[in-house]
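Hi everyone, thanks for making time for this.

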Amino acid sequence: MLEDFRVGSLANVCYIPDYITAKEEQRLAERLCCCKTPWTEVSGRRLKNYGGRVHDKSCALLQAPLPGWLEPLLQRLSRDTQVFGPGQQPNHVLLNAYKPGQGIMPHQDGPLYHPGVCILSMGSPTVMHFTRKCPQGGLCEGRELSVALMPRSLLIFSGEAYEQCLHGIDAAPVHPLHGVCNRAFLDRDAGQELMPEGERFSLTVRRVLKVRSLLR
Ligand SMILES: O=C(O)CCC(=O)C(=O)O
Ligand SMILES: [Fe+2]
């Protein structure tokens, strides 16, 4: 199934438009925002964490229960994408909330996780850029890949895109669509740029490799 959704020049990047319906998006966004899990702030951006926290020293997930209402989505993601390892389920979910003009610095998700991630987008659209790491250190010139992330879409990446590239979102009021690799999946009237008007919410779904259960 994923074969039909491969985009761009990097191996193992897939973009699925309308992975969830508008109704599912609304219900999920309400639950995420209203649930009692507290928001934290990172560089002005708001975050919520589900499934526990990764302990700095042991690099293990101090596991906390995931909300029951997230389970059907997580099962669906592992079944459809198999990006968390063969037969494996994700155990960690991050909610990011971006006001218009906010972004996320180019970064790597790192070795604590199985090297595959799903990002579900809700609310305002944006563009994510992948930049290759140089063998000599630092970042290569230019961007390897840009993907428009429309609301209700699912981005999946692993392998080369996960391990050899950094990904980020420009902190900019407008996101040009020039050169995005998933143009074929966008509405014909998408225009030349995306201008977020409201907040964007994204769910970053991953599997932390080492787990220390506090549930017992
Ligand atoms: O909001 C996004 O689409 C990206 C989030 C991300 O890269 C992360 O949580 O590591
Ligand atoms: Fe990331």
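I'll start with the ground rules, then go through the sheet, the helices and the aromatic rings.

This is a predicted model, where local features need pLDDT of at least 70 and side-chain atom pairs count only at pLDDT 80 or more, while totals for chains, interfaces and linings use all residues. Residues are numbered from 1 along each chain as its sequence is written, chains are lettered from A and ligands numbered from 1 in the order in which they are written, and side-chain values use heavy atoms, with hydrogens and water left out.

Let's begin with the annotation. The unreviewed UniProt entry places "domain: Fe2OG dioxygenase" at residues 89–209; its positions are in the numbering used here, the feature names are shortened, and annotations may be inferred rather than shown by experiment. That span is 4% helix and 43% strand, and its end C-alpha atoms lie 11 Å apart. Helices (H or I, at least four residues) and strands (E, at least two) are DSSP runs, numbered from the N terminus.

Now the sheet. In what order do the seven strands of the open sheet come? The order is β1-β11-β8-β15-β6-β3-β2, with antiparallel pairing; two strands pair if DSSP finds at least two bridges between them. The edge strands, β1 and β2 (40–42), each pair on one side only. On average, neighbouring strands of this sheet are turned by 25° against each other, direction ignored; the axes behind such angles are lines fitted to C-alpha atoms, for helices over the stretch in contact, and angles run from 0 to 180 degrees between N-to-C directions.

Further into that order, β8 (residues 116–123) and β15 (residues 200–206) pair in the antiparallel sense over six bridges. If you want a place to look, L120 has L203 in β15 as its bridge partner.

Back to β1, which pairs with β11 in the antiparallel sense over four bridges, with Y15 standing opposite L155 in β11. Both faces of β1 are covered: V13 and Y15 on one side, C14 and I16 on the other, are all buried. Buried means under 20% relative accessible area, exposed over 50%, and partly exposed in between (1.4 Å probe, protein chains only).

Also in β11 is S158. Why does S158 count as buried? Because its relative accessible area is 16%. Leaving out residues up to four places away in sequence, S158 touches A11, N12, V83, P115 and G116, where contact means heavy atoms within 4.5 Å.

One more pair of strands: β9 (residues 126–132) and β10 pair in the antiparallel sense over five bridges, and H129 stands opposite S146 in β10. Five of the five residues of β10 (residues 145–149) are buried, so this strand is largely enclosed by the rest of the structure. L145, V147 and L149 point one way from β10, while S146 and A148 point the other way.

On to the helices. Helix α1 (residues 22–34) lies across β3, β6 (92–98), β8 and β15, running at about 100° to β8. In α2, the buried residues are L73, L74, L77, S78, D80 and T81, and what covers them includes α1, β6, β8, β11 (154–158) and β15. Just after α2, Q82 takes a positive phi of about 50°.

Finally, the rings. Rings of Phe, Tyr and Trp (its six-membered ring) pair if their centres lie within 6.5 Å; planes under 30 degrees apart count as stacked, over 60 as edge-to-face and the rest as tilted. The count by this rule is five aromatic pairs. One of them is Y15 with F185, a tilted pair at 6.1 Å centre to centre and 50° between the planes. Y15 is in strand β1 and F185 in the loop between β13 (175–176) and β14 (193–194), 170 residues apart. Y15 counts as buried because its relative accessibility is 1%, whereas F185, at 27%, counts as partly exposed. Y50 and W69 form an edge-to-face pair, 6.2 Å centre to centre with 80° between the planes.

That's my tour, and I'm happy to take questions.
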